[in-house]
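Welcome, and thank you for taking a look at this one with us. Please have the sequence and the model open side by side as you read.

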Amino acid sequence: MKNADVLIIGGGVAGLTAAVDLASKGIQVVVVEKKTYPRHKVCGEYVSNEVKPYLEQLGMNFTTLSLPEINTLQLTTQQGKAISVKLPLGGFGVSRYTLDNQLYQLAMRNKVEFVFSTVTAVDFQGGEFEVSLASKSMIKAKVVLGAFGKRSNLDERFQLKSRHQKSPWLGVKCHYHYDGHPKNLVSLHNFQGGYAGLSQVEEGVLNLCYLVRYDSFKRVGDIHEFNRQVLSRNPYLKQFLENARPIFDQPLSIAQISFGKKLSIADHMLMCGDSAGMIHPLCGNGMAMAVHAAKMASEQVVYFLKDQIIDRNEMENAYQKQWDKHFKKRIWLGGQLQRIMLHTGWFNFGMQSIANSKPMLQTLIKRTHGNPILS
Ligand SMILES: Cc1cc2nc3c(=O)[nH]c(=O)nc-3n(C[C@H](O)[C@H](O)[C@H](O)COP(=O)(O)OP(=O)(O)OC[C@H]3O[C@@H](n4cnc5c(N)ncnc54)[C@H](O)[C@@H]3O)c2cc1C
């Protein structure tokens, strides 16, 4: 049986960041990930600058990627009303294909071991974990980080009761060639039952990613028809869809996205990223929160495993406290904003108010984002 100091379930942004951080401090890390790299994922692909200095400190080299810097947010209504504001901190655009793969390569350079399989069970007994894989093997670990994202076979086992209920959200993404979208702009467009984000990633490619209530989508049932019949009622999306050339053969989609309450500690696992709690995508900082949570978890694991200045209980309590301090309010506020964005009447009213007060929108953005994190 294989042994690991730290086993990380899931090699997305959270899992890979924690793996690099811990391995760079001399801790032996195994990541179990069910899919290989590189690959596309449903995501708006806008990364808030709050995590850029930390990722650079870990060894990410963004300069070679020539990524678009994004400093302006535009909101539009179905009636074609638009408003733009400067983003207080800004961010950059990068595809998940590139970002996850770059983090994976960095993890490999830091001697992180990868096992490509699905974790099927985790048992904590006698102060250590036994992790079972679909490949029928088992790994023993002193610490396990749960970084298995927004939807996983492990959800039922490690979620609160309310999370067992099916979630009504569907996410859709496709890359396009399109010249009419400024490089420095992330735009959010309201449509019946959802909202769509448009922003550039590397090589001038434009990403369209939207979140829609499943009952709204089901009435049409096909992504191309839904784009034509529903998204195109927003004149900004109509203009885009009529003139853009899709790059993917088929758009990617993910169903049953849950925004329910989750646990930051589950059966002694430290949960990071979406598996601990998911902020509504319109805030555009789920990835930044996943990276930040990975940093906080790594710090506590180092105190516990390497420095041995805290015990397991103290590690869990400290992580939970920090998680609540940094993310609880942001997730709540993100939920309120999503409710407004999806309620056409409120959204139109909100846009009128915001048009008269751009500082109000900037305050809302600030409150759903954190400050730059640096160690
Ligand atoms: C529609 C939409 C748009 C979004 N847009 C943005 C945006 O523009 N900006 C932003 O910052 N955030 C955005 N987000 C949020 C962002 O995608 C997530 O917050 C981020 O991906 C969380 O990273 P993670 O590492 O927790 O999960 P993930 O990146 O999902 O990684 C989880 C990994 O775990 C693996 N896994 C799952 N179960 C197992 C298992 N049992 N065994 C082994 N491996 C397993 C999966 O294969 C996956 O690779 C968006 C989300 C949605 C739904």
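Does C272 count as buried or exposed? With a relative accessibility of 1%, C272 counts as buried. Please keep in mind throughout that this is a predicted model.

## Cysteines

A disulfide is a covalent bond between the sulfur atoms of two cysteines. Searching the whole structure for such bonds turns up zero disulfides. C209, for instance, is in no disulfide, and its nearest cysteine sulfur, that of C43, is 6.4 Å away. A pair has to have its sulfur atoms within 2.5 Å to count as a disulfide.

## An enclosed cavity

Let us turn to empty space inside the model. Rolling a probe the size of a water molecule over the atoms shows where empty space is left. Over the whole structure, the search finds one cavity of 30 Å³ or more, and the volume of the largest cavity is about 30 Å³.

Which residues line the largest cavity? They are V13, V47, L55, F92, L99, M287 and V291. Sorted by class, this lining consists of seven nonpolar residues, with no polar and no charged ones.

## The second largest pocket

The second largest pocket has a volume of about 620 Å³. Its lining is made up of 26 residues, and those nearest its centre are F259, G260, K261, I331 and W332. By class, the lining of this pocket comprises 10 nonpolar, 10 polar and six charged residues.

## A buried glutamine

Q300 is found in helix α8, residues 286-306. With 5% relative accessibility, Q300 counts as buried. Leaving aside residues up to four places away in sequence, Q300 touches I310, M315, A318, Y319 and Q322.

## Aromatic pairs

A pair of aromatic rings is described by the distance of the centres and the angle of the planes. How many aromatic pairs does the structure hold? There are 17. One of them joins Y37 and F116, whose ring centres are 6.0 Å apart and whose planes meet at 70 degrees, so this pair is edge-to-face. It links distant parts of the chain, 79 residues apart: Y37 sits in the loop between β2 (29-33) and β3 (46-48), and F116 in strand β6, residues 113-116. Y37 is buried, at 11% relative accessible area, whereas F116 is partly exposed, at 36%.

F116 also pairs with Y104; the ring centres are 6.2 Å apart and the planes are at 70 degrees, so this pair is edge-to-face. Here the partners are 12 residues apart, with Y104 in helix α3 (residues 96-109) and F116 in strand β6. Y104 is buried, with a relative accessible area of 13%. To finish the tour of the rings, have a look at F191, Y210, Y214, F217 and F226, which form one aromatic cluster.

Definitions and conventions: Residues numbered from 1 in each chain as written. Predicted model: local features only at pLDDT ≥ 70, side-chain atom pairs only at ≥ 80, totals over all residues. Heavy atoms only, no water. 1 Å grid on protein atoms, 1.4 Å probe; cavity = no way out; pocket = protein on both sides within 12 Å on 5 of 7 lines; lining within 4 Å. Points joined across faces, edges and corners; volume = space filled by probe spheres on them. Nonpolar A, V, L, I, M, F, W, Y, C, P; charged D, E, K, R; others polar. Buried < 20%, exposed > 50% of the residue type's maximum accessible area, 1.4 Å probe, protein only. Helix = DSSP H or I, 4+ residues; strand = E, 2+ residues; numbered from the N terminus. Contact = heavy atoms within 4.5 Å. Phe/Tyr/Trp six-rings, centres within 6.5 Å; stacked < 30°, edge-to-face > 60°.
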